Structure formats: structure tokens, C-alpha cells
Amino acid sequence: MKLSVRAQEIITNFPLGFVATVDAQGRPCVSPKGTFLILDDETLAFGEIRSPQTLANLRANPGMEVNFVDVFLRKGVRVRGRAEIIAAADPEFSALIPLWQEAFGALSDRIAHIVRLPFDEAKPLSTPPYDDGATEEDMVTHYKEKFGRIYP
């Protein structure tokens, strides 16, 4: 499974991914992660800064799903796979961290782990107004106006 060009654009433009895991009691957990990068068209990763519960969940069950959404188009992508945790002491961490240093600058100094997600599923997300004939232009216009009222 490879990321489509559209999915790559969404993740690049809106890198805040909502990570879903399952805790030890079997309860779903969702946590936003704002340090996602695309490593290649079959692998995503985020720099873990303060996510002890997410790491604990992934150590017990590496199944992970991430949702990314373009808040203006109201379209996105859902990516699913098995996470791999790379600790700072791992030589692979040293090879990967320059990508975060370039993208996130000084924030990357706080990254304690890199959570890599080689995924086996990537599906598009869309909102119901498209089913009723809304266009992307309609959606962008609507949400620019809405956010403009919230944040004048």
C-alpha cells in the first residue's frame, strides 16, 4: 500500500495526526501528534516528545491508526499499520533525527523516540456534504468564513 499524492499533500500540509491506540484494558485512546513526517510512500513517523501513554499502549499492542484532515476541504486520510518504536539510544534514531531537526528546528531536541509506522492500509476520508454535491471550493469558502469569525 502506497500513499497517494493527495494523501501526501494532506499529511504535509496538515501534519497533526490523531493517533489511535488501545490501552491495557482494551479501551480506545486517541492522542494528537504534531511531529509527523512522511519517510517514504509506505512509511510515516512522528517524533515522540511527551507521549508516555501512547508508547505504553504501542509496546503492549503495536496496532496504530492515524487520521489526518484538511480542515478546509474536510477531506483526509486514515493510515493503519503496526508501529515500531525507535529509542534515542538506537543507531537508527541518529540516522533519522536530522529529518526532524530540519523540519522542526529546536523542538526536535525534545524528541525522545521516533515512532515509525510502516502501514498496510491508507484510505481516504471525506465529509457528507460532498455526497450532496458540495465542491472543494464550496467547502474552502465556507470554512474560511467560519474560522474567520472564530479568529477575526
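Guide: E84 is partly exposed, at 32% relative accessible area. Keep in mind that this model is predicted.

Visitor: Why is E84 called partly exposed?

Guide: Buried means under 20%, and exposed means over 50%. E84 has 32%, so the label is partly exposed.

Visitor: What makes E84 and R116 a salt bridge?

Guide: The rule asks for a side-chain nitrogen of Lys or Arg within 4 Å of a carboxyl oxygen of Asp or Glu. The closest N and O atoms of R116 and E84 are 2.7 Å apart, so the pair qualifies. This pair links distant parts of the chain: R116 is in strand β8 (residues 113–126) and E84 in strand β7 (residues 84–87), 32 residues apart.

Visitor: Is R116 buried or exposed?

Guide: Buried. Its relative accessibility is 15%, and the cut-off is under 20%, so R116 counts as buried.

Visitor: How do you know that E92 and R116 form a salt bridge?

Guide: Their N to O distance is 2.2 Å, and the limit is 4 Å, so they pass. E92 sits in helix α3 (residues 91–104) and R116 in strand β8, 24 residues apart. E92 has a relative accessible area of 31%, so E92 is partly exposed.

Visitor: What makes E65 and R80 a pair that ties parts together?

Guide: Their side chains meet in a salt bridge, at 2.4 Å from N to O. E65 lies in strand β5 (residues 63–70) and R80 in strand β6 (residues 75–82), so the bridge ties together parts 15 residues apart in sequence. E65 is buried at 15%, whereas R80 is partly exposed at 34%.

Visitor: Which residues do salt bridges with shared partners join into one network?

Guide: E65, R78, R80, E121 and K123. By the same rule, the count comes to nine salt bridges.

Visitor: Why is V30 called exposed?

Guide: Exposed means over 50%. V30 has a relative accessible area of 59%, so V30 is exposed. V30 is found in strand β2 (residues 28–33). With L16 and F18, V30 makes a nonpolar surface patch of about 280 Å².

Visitor: How many helices and strands does the chain have?

Guide: Four helices and eight strands. Along the sequence they follow the pattern α-β-β-β-β-α-β-β-β-α-β-α. Of the 152 residues, 37% are buried.

Definitions and conventions. Residues are numbered from 1 along each chain as its sequence is written. This is a predicted model: local features need pLDDT of at least 70, side-chain atom pairs count only at pLDDT 80 or more; totals for chains, interfaces and linings use all residues. Side-chain values use heavy atoms; hydrogens and water are left out. Helices (H or I, at least four residues) and strands (E, at least two) are DSSP runs, numbered from the N terminus. Buried means under 20% relative accessible area, exposed over 50%, partly exposed in between (1.4 Å probe, protein chains only). Patches are made of residues with over 30% relative accessible area and no salt bridge: like charges are joined within 9 Å, nonpolar side chains (Val, Leu, Ile, Met, Phe, Trp, Tyr) within 5 Å. Accessible areas come from the Shrake-Rupley method with a 1.4 Å probe; for residues, only the protein chains shown count as cover.
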